[in-house]
Amino acid sequence: MEVEKAIMGRRSIRDYETKPIPEEALAKILKAGAMAPSAMDAQPCRFIVIENRQKILEIAEKVKQKLGVLGMGARLAERAKIKPDVIFYGAPLLILIVAEKGDWSETDCNLAAQNMMLRAYDLGLGSCYIGFMKKTIRDDRETLRELGIKDNQELYCPLIFGYPKKWPEPKDRVENIQKRIK
Ligand SMILES: Cc1cc2nc3c(=O)[nH]c(=O)nc-3n(C[C@H](O)[C@H](O)[C@H](O)COP(=O)(O)O)c2cc1C
């Protein structure tokens, strides 16, 4: 697929088939993440790959609980009445991009994340960045440890992947050139 087509067509997907992701597709997504640029070529990004739906649902429960504590749960609770998995949307794959703390680690992980989401789209897979998980779990060392994240690492990008039940239409963006200096 042409890069332009992937950039213009990718959307955040919020409803997934249960069908698992083939091993080759997973390998290609991970490789796309690894190929992203990184400051001083430090290559700090590491991937925690979670394909166990039970585990994904357990994490979703923690996220929901913590969002409730943060006062952000009311809208989700409302949505949960019609859609059971309001955090990970039934996705069969959750990839956490983690890295040791560093000046550029978060930027490096974000770049890896975008590569992975675009490559997923190229492979016919949907994706979504799950900021709710980052916000609620990033300081919960016990949960991070359970997930295999080391104490000197941070959780930067939680991403879900899977086959979409349907593809939303491409979405336009606001006009964002603020100034041109010629
Ligand atoms: C940092 C970040 C955090 C996000 N967190 C969530 C989230 O927790 N749940 C969700 O459904 N979508 C989340 N999204 C997806 C955005 O809502 C989505 O990218 C935006 O609405 C634009 O839509 P599009 O990705 O389909 O173009 C997040 C996106 C980013 C970049």
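Where is the place of Asp41? I looked this up before anything else. Asp41 sits in the loop between helix H2 (23-34) and E1. I take helices (H or I, at least four residues) and strands (E, at least two) as DSSP runs, numbered from the N terminus.

Two notes on the source. The model is predicted: local features need pLDDT of at least 70, side-chain atom pairs count only at pLDDT 80 or more, and totals for chains, interfaces and linings use all residues. Residue numbers start from 1 along each chain as its sequence is written.

I checked burial next. My classes count other C-beta atoms within 10 Å of a residue's own, with C-beta atoms placed from the backbone: buried at 20 or more, exposed at 12 or fewer, partly exposed in between. Asp41 counts as exposed because it has 7 C-beta neighbours inside 10 Å.

Met40 lies in the loop between H2 and E1. Its phi is positive, about 55°, although Met40 is not a glycine. Met40 has 10 other C-beta atoms within 10 Å, so it is exposed.

**Entry: Tyr89**

I found a positive phi, near 55°, at Tyr89, a residue other than glycine. Tyr89 is in the loop between helix H4 (74-80) and E2. Is Tyr89 buried or exposed? Tyr89 counts as buried, because 21 C-beta neighbours lie inside 10 Å.

**Entry: the sheet**

I traced an open sheet of four strands, in the order E1-E2-E4-E3, with antiparallel pairing. Strand E1 (46-50) and E3 are the edge strands, each pairing on one side only. From one strand to the next, the twist averages 25°. Pairing here requires that DSSP finds at least two bridges between two strands.

E3 and strand E4 (residues 153-162) run antiparallel and are joined by four bridges. I picked out Ser127: its bridge partner in E4 is Phe161.

**Entry: the core**

The largest nonpolar core has 43 residues. Such a core is a set of buried Ala, Val, Leu, Ile, Met, Phe, Trp, Tyr and Cys residues joined through C-beta atoms within 7 Å. Ile97, Leu159, Ile160 and Phe161 touch the most other members. H5 gives the most to this core, with eight residues.

I listed contacts of Phe161, taking C-beta atoms placed from the backbone and lying within 7 Å as the cut-off. Leaving out residues up to four places away in sequence, Phe161 touches Ile21, Ile29, Ala91, Leu93, Ile95, Ala120, Leu125, Gly126 and Ser127.

**Entry: the ligand and Tyr129**

Which residues surround the ligand? They are Arg11, Ser12, Arg14, Cys128, Tyr129, Ile130, Gly131, Phe132 and Lys171. A residue is near a molecule if its C-beta atom, placed from the backbone, lies within 6 Å of it. Strand E3 (126-129) and helix H6 (131-137) each supply at least two residues of this shell.

I followed Tyr129 into strand E3. Tyr129 counts as partly exposed because it has 18 C-beta neighbours inside 10 Å. Leaving out residues up to four places away in sequence, Tyr129 touches Ala113, Cys157 and Leu159. The C-alpha atoms of Tyr129 and Pro158 are separated by 6.0 Å, though the two residues are 29 residues apart along the chain.

Conventions: Axes fitted to C-alpha atoms, helices over the stretch in contact; angles between N-to-C directions. Contact = placed C-beta atoms within 7 Å.
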